[in-house]
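The sequence and structure are shown first, and the description follows.

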Amino acid sequence: MMFTFKKLALIFLLSFYLNLSGGLIVKLWASPGKLSNPLHSELTGTTCEILQDQKGIPHVHVSTSSNNSELKGMACLGFIQGRERSWQMDYFRRTVQGRRSEVLGRNSIQSDFFLRLLGLYERAETLFQQFEPRYQRLLWAYTWGVNQGFKVALKRGVYEFEKFEYDPEDWLPQDSVAIMLLQSFDQTRRSFQTQFDELKWLKDYGKEASQLFSQEQMPWDVSILKEGEYRKSPLISSRFPAPSSPMGSPVGSPIESQVADQIETLFKEISSPWNGSGMGSNSWVVGPQRSQSRNSWLANDPHLKLTRPPFWFWVHLNAGDIDVIGATLPGIPLFASATNRHVSWGVTNSFLPVARVSFVPISDLKNAQSIRPWVWVRFWKLRLPIFFKTFQRTLGGFPVLPVESPEGASTVMRWTGFDLKAKDLTPFLDLLSVHDVRQADQVFTQIQVPSWNFVFADDQGGIGYRAN
């Protein structure tokens with residue numbers, strides 16, 4: 001076969017580009033398998049064009065001529081996350097399910113017990129069933145892609161799966177919802193820590209504590225906006241009536257400090273799946289009137305420790321009306337900090353008080369649900385069943401903590417995340433295609449997952465801030 005100089009040059013340039021960018025066109029085909037996915041026939045044959053740049057960021061493109069490009073984009077996003085972060089995703093899922101000890105052994109039993117007590121996975125299953133059909137389809141599409149990515153990852157070989165001698169189960173839509181709840185609760189744990197700190201200060205400094213540790217000196221305990229600068233939701237007073245102290249019992253009573261120490265110990269035994277975080281995060285946004293370029297500027301820096309694999313998974317997704325690049329959390333088809341060419345946004349922890357531990361009369365818990373779960377625990381090459389001691393949840397689903405309480409009372413934990421409805425989560429999926437800050441603000445206003453700050457800006461000079 002004869003090649004002209006132009007053809008040879010074209011072949012050389014093409015091969016150089018593909019080597020540089022890691023060019024790959026993936027066509028997703030799959031047998032139905034164990035998981036019955038309602039979108040299987042719709043998504044089989046989906047083509048994902050994946051180019052990887054010099055920084056290792058994958059750029060995933062779905063042809064705009066494709067039918068259902070939004071669904072196929074979600075499938076391709078799931079595929080690239082599942083292919084690159086299969087172990088991490090399974091680890092997050094096992095954490096929220098309370099099943100880490102099945103593969104990691106007895107050191108994870110305490111974590112499993114606490115997550116079973118919280119019941120986040122059961123809540124996720126209920127929430128997903130409440131999703132509107134469009135959002136269910138988007139999660140089913142993402143799920144379908146994840147499972148194709150898992151298959152590719154296992155063929156390549158994944159060190160952790162080989163070390164612990166198991167394969168991940170098929171991904172389910174509620175797995176993604178559960179990981180969102182888990183990440184939210186992990187952020188909220190700081191609210192509890194603030195309560196514990198305040199109790200210690202009361203014990204050590206007595207009446208002087210309020211002067212030594214005022215809110216102005218505790219930036220982690222207040223929102224960016226100060227009292228009087230914003231309108232409060234009526235839900236705040238009804239959800240959390242003002243207690244006489246952070247724990248809801250008489251200030252400074254000895255039993256209060258004792259319970260606080262027990263709860264703090266309980267929390268410390270639960271290792272964070274995110275491997276901890278720094279002391280705080282930074283974000284800011286300024287309008288064009290304060291910018292020499294006459295454009296809006298936005299900066300977002302969630303302070304997280306460096307881990308391997310990294311906490312975030314950076315990706316660029318281009319599918320139909322979706323054209324967004326930014327940081328995703330493996331296991332969730334959401335972009336936490338990103339830009340879609342029209343609007344940019346960033347997220348940090350708001351540290352708003354969305355959790356409380358209180359004493360409740362035992363007589364009020366007579367209809368509480370009693371649960372005694374069991375797990376398989378890995379012992380060397382064996383997996384043995386272990387039963388947890390019985391624990392309780394109130395009729396509202398609030399966990400009764402296994403700590404010593406005052407006579408005639410139990411210690412109950414409340415968290416606004418237990419009150420979430422499907423409509424409080426699904427607006428995240430609408431964020432990808434907003435065109436200005438007004439549309440973004442409408443989305444952020446509807447999101448009620450506790451508890452984040454959002455800063456956002458658009459290419460027209462608009463800026464915004466929300467704390468949910």
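Ser-451 is found in the loop between helix H14 and strand E17. Pro-309 is found in the loop between strand E5 (297-301) and strand E6. Helices (H or I, at least four residues) and strands (E, at least two) are DSSP runs, numbered from the N terminus.

## Basis of the description

This is a predicted model, in which local features need pLDDT of at least 70 and side-chain atom pairs count only at pLDDT 80 or more, while totals for chains, interfaces and linings use all residues. Residues are numbered from 1 along each chain as its sequence is written, and side-chain values use heavy atoms, with hydrogens and water left out.

## The chain as a whole

The chain contains 14 helices and 18 strands. Of its 468 residues, 50% count as buried; buried means under 20% relative accessible area, exposed over 50%, and partly exposed in between (1.4 Å probe, protein chains only). Among the contacts in the chain with a separation of 6 or more, 67% are between residues 24 or more positions apart, a contact being heavy atoms within 4.5 Å.

## The open sheet

An open sheet of mixed pairing is formed by 9 strands in the order E1-E2-E3-E6-E7-E8-E9-E17-E18. Strand E1 (24-28) and strand E18 (463-467) stand at the edges with a single partner strand each, so one side of each is left without a neighbour in the sheet. On average, neighbouring strands of this sheet are turned by 25 degrees against each other, direction ignored. Two strands pair if DSSP finds at least two bridges between them.

Strand E9 (residues 343-349) and strand E17 (residues 452-458) pair in the antiparallel sense over 7 bridges, and Val-347 has Phe-454 in E17 as its bridge partner. E17 is also joined to E18 by 5 bridges, again antiparallel, with Phe-456 bridged to Gly-464 in E18. The hairpin of E17 and E18 has 4 residues between the strands, and Gly-461 takes a positive phi near 100 degrees there.

## Helices across the sheet

Helix H14 (residues 437-446) lies across E9, E17 and E18 and runs at about 165 degrees to E17. Helix H3 lies across several strands, including E1, strand E2 (46-52) and strand E6 (313-319), and runs at about 155 degrees to E6. Axes are lines fitted to C-alpha atoms, for helices over the stretch in contact, and angles run from 0 to 180 degrees between N-to-C directions.

The axes of H3 (residues 69-84) and helix H8 (residues 133-156) come within 6 Å and cross at roughly 35 degrees. By class, the contact of H3 with H8 has 13 nonpolar, 6 polar and 6 charged residues. Here Ala, Val, Leu, Ile, Met, Phe, Trp, Tyr, Cys and Pro count as nonpolar, Asp, Glu, Lys and Arg as charged, and the others, Gly among them, as polar.

## The nonpolar core

The largest nonpolar core has 114 residues, of which Leu-120, Phe-335 and Trp-345 touch the most other members. H8 gives the most to this core, with 10 residues. Such a core is a set of buried Ala, Val, Leu, Ile, Met, Phe, Trp, Tyr and Cys residues joined through side-chain atoms within 4.5 Å. Not counting residues up to four places away in sequence, Phe-335 touches residues including Leu-77, Val-315, Trp-345 and Leu-432.

## Enclosed elements

In helix H6, 8 of the 10 residues are buried, so the helix is largely enclosed by the rest of the structure. Leu-115 lies in H6 (residues 109-118) and counts as buried at 4% relative accessibility. Just after H6, Gly-119 takes a positive phi of about 70 degrees.

Strand E10 (residues 355-361) is likewise largely enclosed, because 5 of its 7 residues are buried. E10 is joined by 7 bridges to strand E16 (residues 409-415), and the two run antiparallel. Ser-358 has Val-412 in E16 as its bridge partner.

Glu-165 is a residue other than glycine with a positive phi, near 60 degrees. Glu-165 lies in the loop between helix H9 (159-164) and helix H10 (173-205), and counts as partly exposed at 48% relative accessibility. Arg-294 also has a positive phi, near 65 degrees. Arg-294 lies in the loop between strand E4 (282-286) and E5 and, at 56% relative accessibility, counts as exposed.
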